[in-house]
Amino acid sequence: MSEHVERKMNLLVVDDAPDNLMLLEAILESEGFNSIVLAESAIEAYQKLEEAKSEKAVDLILMDIMMPEMDGFQTLKEIRSNDKWSEVPVFAVTAKAMQSDKDVILNHGFTDYIPKPVNPTMISFKIVAAEVCLVPLVMISLRTETGLSIFCLRKREAIRLFLRRMVAR
């Protein structure tokens, strides 16, 4: 990154290899993420989620697939079964790089896929894209002179636009 931008997301990184954890932490810190919690196993990750003070204590999870005791697929199933975390985006970070592997991973319910070795630009881009999607959005449609237009707006903007249109009638 040419200029340092501080990112306000709370990330949980899960990988059984300490070297991978340190590398991911260094990459994320260099990309401006400074609220990073590390877990060396799925069980530790689940404990860290349980210890979190609120539902929004973790905004996004980066998780390895191949881990002992409990793999990424089993962990994702546990996370999704808990109402507190069911909507938290979970990215698979894995060396499984074939298209068929990616399809299996996404079909199991992972939000996205990041191949190893991790590309710092790609991981930052995908996390920032997920951050934008975390903002509550509203889709509205308006009839205009040129036809029907569909907009995707933040909830507050949509309400303001709706009220302006109602007042204008």
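Is Y46 buried, exposed or partly exposed, and what is its relative accessible area? Y46 is partly exposed, with a relative accessible area of 25%; the classes are buried under 20%, exposed over 50% and partly exposed in between, with a 1.4 Å probe and protein chains only. The legends below describe a predicted model, in which local features need pLDDT of at least 70, side-chain atom pairs count only at pLDDT 80 or more, and totals for chains, interfaces and linings use all residues. Residues are numbered from 1 along each chain as its sequence is written, and side-chain values use heavy atoms, with hydrogens and water left out.

View 1. The predictor's confidence in each residue is expressed as pLDDT, from 0 to 100. Strand 3 (residues 60–63) has the highest mean confidence, at 95, whereas strand 7 (residues 147–154) has the lowest, at 49. Helices (H or I, at least four residues) and strands (E, at least two) are DSSP runs, numbered from the N terminus. In residues 136–140 the pLDDT is below 50, and this stretch has 20 contacts in the model beyond near neighbours in sequence, a contact being heavy atoms within 4.5 Å. Where pLDDT is low, the predicted coordinates should not be read in detail.

**View 2. Helix 3 (residues 72–81) and its buried residues.** G72, T75, L76 and I79 are the buried residues of this helix. Seen down the axis of helix 3, these residues fall within an arc of 100°, so they line one face of the helix; the arc is that of the directions from the helix axis to the C-beta atoms. Their cover includes helix 2 (42–51), strand 3 and strand 4. Exposed residues K77 and S81 are carried on the face turned away from the buried side. At the N-terminal end, D71 caps helix 3, with a side-chain oxygen 3.0 Å from the backbone nitrogen of F73.

**View 3. The two aromatic pairs.** Rings of Phe, Tyr and Trp (its six-membered ring) pair if their centres lie within 6.5 Å; planes under 30 degrees apart count as stacked, over 60 as edge-to-face and the rest as tilted. By this rule the count is two aromatic pairs. The ring centres of Y46 and W85 are 5.3 Å apart and the planes stand at 80°, so this pair is edge-to-face. Y46 belongs to helix 2 and W85 to the loop between helix 3 and strand 4, 39 residues apart. W85 is buried, with a relative accessible area of 2%. For F73 and F110, the centres are 6.0 Å apart and the planes at 75°, so this pair is also edge-to-face. F73 lies in helix 3 and F110 in the loop between helix 4 and strand 5 (112–115), so the pair ties together parts that are 37 residues apart in sequence. F110 counts as buried, at 4% relative accessibility.

**View 4. Backbone geometry at P117 and E69.** Most residues other than glycine have a negative phi, and most peptide bonds are trans. The peptide bond from K116 to P117 is cis, with omega near 0°, and P117 is in the loop between strand 5 and helix 5. E69 has a positive phi, near 70°. This residue is in the loop between strand 3 and helix 3 and is exposed, with a relative accessible area of 69%.

Key: A polar contact is a pair of N or O atoms within 3.5 Å; within protein, one must be able to donate a hydrogen and the other to accept it, and residues adjacent in sequence count only if both atoms are side-chain atoms.
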